[in-house]
Amino acid sequence: MRTRQRPVTPAQRTGNVRRAGSVHDGAGAPSRVSRPPLRQCGRAPRPHHPPAGHAAQRPAPTRSPPMQPTLVAVAHGSRDPRALHTALALLERVRELRPRLDVRLGHIELNEPLLGSVLGELRGAAVLVPLLLGRGYHVKRDLPAAAARAAHLRTRVAAPLGPHPLLVEALYERLVEAGWSAGTAVVLAAAGSRDPDSAADTRRTADLLAERLGGVPVVPAYASAAAPNAPEAVRALAARGHHRIAVASYFAAPGRFSAQTAAAAPALAAAPLGDHPALARLLLHRYDEARARPARPVRPELVSA
C-alpha cells in the first residue's frame with residue numbers, strides 16, 4: 001500500500017532549506033555570512049617572525065676595544081721628596097685627560113718604584129715616555145736597555161719631552177707667574193749633559209722661548225757637565241747691558257739642580273715645569289707618536305747594557 005506524502009509548501013521550502021553560505025536567523029529568513037575578502041594580488045606578505053633564539057633575534061656580539069699599551073712615565077729620580085710628589089701629580093693630570101689608559105711611573109735611580117720593577121709587573125705592551133727634556137745618555141742608552149731586558153713585553157721608547165712648543169708654553173707661564181715682564185732677559189737653566197744632542201735640544205728650546213717672549217735674549221745655562229753655568233750666564237747678559245734678568249727653570253721637578261740655578265737669579269726665578277697642564281698633554285703626545293711609529297728591533301748591544 002503506497003503512503004501518500006504531504007505536499008511541501010513554498011514557505012516550507014524557503015524556511016527549511018539552507019543555502020550554502022547562509023545561516024538561519026531564527027525568523028525564517030537566511031542571513032549571508034560575511035567572508036573575509038580574498039587577498040589582493042601584490043599585497044605585502046605578513047612579516048616572518050623567527051622563533052626565539054634565532055640568529056636574527058640575537059643581539060650582535062659586542063667587541064671590546066683593543067687593549068692600549070701601558071704608558072710608563074720614566075723619571076730620573078731625586079732625593080728631594082718634592083720630585084716624587086710632582087711626578088705623581090703630573091700623572092694624575094694625564095689620567096684625567098685619558099681615563100681608560102693605564103699610566104705608571106718608573107724611576108731610573110734614587111726613587112721607588114724603579115723602572116725594571118715596573119716593567120716586570122706588566123704584560124702585553126708598554127710605551128716608555130721619558131720625563132726628560134732632551135736627548136742624552138738616559139734616553140739613548142738606559143731606556144732602550146730597560147726595554148730590551150723586559151723581553152716579555154712589546155715595548156717602545158718615546159722621544160724625550162723637549163724640544164716642543166708645549167714645553168715653551170709651560171716655561172712662559174712659569175716665568176709670568178714669577179713676575180716676568182716684557183724686556184727682561186732670561187737664563188734658561190737646564191741640567192746639562194756631555195751629549196752634544198742634549199745641548200742642541202736645550203739651545204733649540206732657548207730659541208723658541210725667545211720668540212715666545214717677544215725677542216728678548218734667552219741664554220742656556222747648565223747645572224752640571226756643560227758650560228756656561230747659571231752665574232756665568234747671568235754675568236754675560238749683564239755685560240751686554242741687560243739689567244733685568246730672570247732664570248727660567250728647565251727642570252721637570254724641584255730638586256738640587258733647580259734650587260742651585262735659581263740661587264743665581266739676580267731678580268726672579270721661575271718654578272720648575274712640574275705638573276703644568278701643558279706637560280700632561282705633551283706626555284700623551286709623545287705616547288701617541290711612539291705608538292704610531294713602526295716597531296724597531298732592539299739593538300743587541302742594548303740587551304747587555
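Predicted model: local features only at pLDDT ≥ 70, side-chain atom pairs only at ≥ 80, totals over all residues.
User: Which loop holds Ala 225, the non-glycine residue with a positive phi of about 70 degrees?

Analyst: Most residues other than glycine have a negative phi. Ala 225 has a positive one, about 70 degrees. With 44% relative accessibility, Ala 225 counts as partly exposed. Its place is in the loop between β8 and α7.

User: What is omega for the cis bond joining Ala 227 and Pro 228?

Analyst: Pro 228 sits in the loop between β8 (218-222) and α7 (230-239). Most peptide bonds are trans. The one joining Ala 227 and Pro 228 is cis, with omega about 0 degrees.

User: And which loop does Pro 163 lie in?

Analyst: The peptide bond from Gly 162 to Pro 163 is cis, with omega near -5 degrees. Pro 163 itself lies in the loop between β6 (154-157) and α5 (165-178).

User: How many nonpolar residues are in the contact of α2 with α9?

Analyst: Helix α2 (residues 81-97) and helix α9 (residues 277-292) pack at about 65 degrees, axes 9 Å apart. The contact includes Leu 90 and Val 94 of α2, plus Leu 283 and Leu 284 of α9. By class there are two charged residues, no polar ones, and nonpolar residues numbering nine.

Terms used: Residues numbered from 1 in each chain as written. Heavy atoms only, no water. Axes fitted to C-alpha atoms, helices over the stretch in contact; angles between N-to-C directions. Helix = DSSP H or I, 4+ residues; strand = E, 2+ residues; numbered from the N terminus. Contact = heavy atoms within 4.5 Å. Nonpolar A, V, L, I, M, F, W, Y, C, P; charged D, E, K, R; others polar. Buried < 20%, exposed > 50% of the residue type's maximum accessible area, 1.4 Å probe, protein only.
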